[in-house]
Amino acid sequence: MTRPDATPVASHFIDGAYAEDASGTPIPVIYPATGETVATVHAATPEILERALTSAERAQAEWALADPVERGRVLRRAADLIRARNRELSVLETLDTGKPLQETLVADATSGADALEYFGGLAADVTGTSMRFGGDWAYTIRRPLGVCAGIGAWNYPTQIACWKAAPALATGNAMVFKPSETTPLCALKVAEILIEAGLPAGLFNVVQGAGEVGAALTTDPRVAKVSLTGSVPTGRKVAAAAAGGIKHVTMELGGKSPILVFEDADLEDAVSGAINGNFYSSGQVCSNGTRVFVHESLHDAFLDRLRARLGGVVMGDPLDEATNFGPITTAAQANLVMRHIATAEAEGATVAIGGARLDRAGYWIEPTVLTGLSDDMTCVREEIFGPVMSVLTFADEDEAVERANATEFGLSAGLFTSDLARAHRVVAQLRAGTCWINQYNLTPAGMPFGGSRASGIGRENARMAMDHFTEVQTVYVGMGPVESAF
Ligand code: NDP
């Protein structure tokens, strides 16, 4: 299949237009399916960052005063444009990440459009409260924070850019967004479309670069908030750096989430949930349920069905819509995943399904299922961020809950059961920010998404994301004479 051209107009998008400074470090954009370089961008130089921050600061001052109905209209127009250009954007997402087009057509630009539409609809509904104190009273105003930095991971470059930009812009902020250096292309298109939709220049700027560009944004005094999607170690660094400036943060970090399959579960649904929660996007999903605890009575049947269903995996050209499983996004990540599989075997695990790296160009690893595990093994404790499912067994509900919670992470959790009382009883005990009952990994724009404990702070999506991009200003109104002691 002919590969479309992925070359962007320029590396950055600043103040309403593409911008270049070729003196920045070159960053090759590698198509993970073949390992070929499909474009090159340049890391932001201090001059580029300065232009991005200056224009954002200038534009935000006016945007904060704009009619929120107009702010919402711009976002909703952008959503329409994204939907109209879904195929083109999905192809770009596939080239940027390697994810199959079958997936990107339904999960990436479309979910970005959902967020823009959702927050566009809510933009005019940012309200305060009022309270009486005898004759006096007070009221609150929700004010935008100012210039916010968005820093993205590589797995969902369009979605992450939109999920951060939409609530930030709806509430009157500007955003300077730094994509992952491995997937720099899609956010540029989001910026281009926002301008086409009528967003004033400077409000959504994209700057490229590695961690140091994110770090420079995080510590710049003009940045009021940092919203990061990334790993826990990066989250610790970014939150600590932001704390130095007493900045707001949203941290969407990694996980090692559990899926509990009880003895009364619908087996086919549970297998589907485990497949979606481990192998979608070749396992590169933060909320994946990579510790699958299956009731001991179902273990063999579960594995049999899993093996049969994984027979339907098609690892072909990601641009061919028949392909339903793509490569890992980077060579380094593919090597890490293979090291995890080797470590698991060395620690006594059984590779029940898959486990091999394909002998072809690019970064292809089979969907892999590990069994014969104990909770202290590395593959059960650490986030792998690849297509590796660990299947464990349990005997009763209390044991399942205790083991599910025995992790520093707390991003997500899922459970499959036909007993609704049990479902709610168990969910109430699970220490995870986002839980699914008889479903897994669905994240509609109207639902808060985020982690607890080491998996993060704050929530994306839903109305509460707008709280995280605003702060309350309280106004006390004196209605009578001012009393004083002297
Ligand atoms: P990383 O933590 O490596 O990087 C995330 C982003 O932070 C990248 O843009 C990276 O730049 C940047 N960065 C790195 N160091 C710093 C720093 N010191 N200051 C500021 N920015 C920095 O994550 P990955 O890109 O490897 O993504 C995978 C991780 O993201 C997984 O742990 C996954 O679970 C998590 N994730 C969480 C999600 C959630 O919503 N909870 C969703 C998706 C992924 P660069 O990479 O360009 O060097």
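Reader: Is the crossing of α6 and α7 left-handed or right-handed?
Author: This is a predicted model, and in it α6 crosses α7 in a right-handed manner.
Reader: At what angle do helix α6 and helix α7 pack, and how far apart are their axes?
Author: Helix α6 (residues 157–170) packs against helix α7 (residues 186–196) at about 40 degrees, and the axes are 8 Å apart. The two helices are therefore oblique to each other, since an angle under 35 degrees would be needed for roughly parallel.
Reader: Which residues make that contact?
Author: From α6 the contact takes Pro157, Thr158, Ala161, Cys162 and Leu169, and from α7 it takes Cys186, Ala187, Val190 and Leu194. Eight of these residues are nonpolar, one is polar and none is charged.
Reader: Turning to α10 and α11, how do their axes cross?
Author: The axes of helix α10 (residues 267–279) and helix α11 (residues 299–310) cross at roughly 60 degrees and come within 10 Å. That angle makes α10 oblique to α11. Their crossing is right-handed.
Reader: What about the angle between α2 and α5?
Author: Helix α2 (residues 68–84) and helix α5 (residues 109–122) pack at about 160 degrees, with axes 7 Å apart. They are therefore roughly antiparallel, as angles over 145 degrees are counted that way. In this pair, α2 passes α5 in a left-handed crossing.
Reader: And which residues of α2 and α5 make the contact?
Author: The α2 side includes Leu75, Ile82 and Arg83, while Leu116, Glu117 and Phe119 are among those of α5. By class, the contact of α2 with α5 has eight nonpolar, four polar and four charged residues.
Reader: Now the ligand: how many residues are around it, and which come nearest?
Author: There are 28 residues around the ligand, and Gly152, Glu181, Ser231, Thr234 and Glu383 come nearest.
Reader: Which backbone atom lies 2.7 Å from a nitrogen atom of the ligand?
Author: That is a backbone N or O atom of Leu253.

Note on methods: Residues numbered from 1 in each chain as written. Predicted model: local features only at pLDDT ≥ 70, side-chain atom pairs only at ≥ 80, totals over all residues. Heavy atoms only, no water. Axes fitted to C-alpha atoms, helices over the stretch in contact; angles between N-to-C directions. Helix = DSSP H or I, 4+ residues; strand = E, 2+ residues; numbered from the N terminus. Parallel < 35°, antiparallel > 145°, perpendicular 65-115°, else oblique. Left-handed = near helix turned anticlockwise from the far one by under 90°. Contact = heavy atoms within 4.5 Å. Nonpolar A, V, L, I, M, F, W, Y, C, P; charged D, E, K, R; others polar. Near = heavy atom within 4 Å. Polar contact = N/O pair within 3.5 Å; in protein donor to acceptor, adjacent residues only side chain to side chain.
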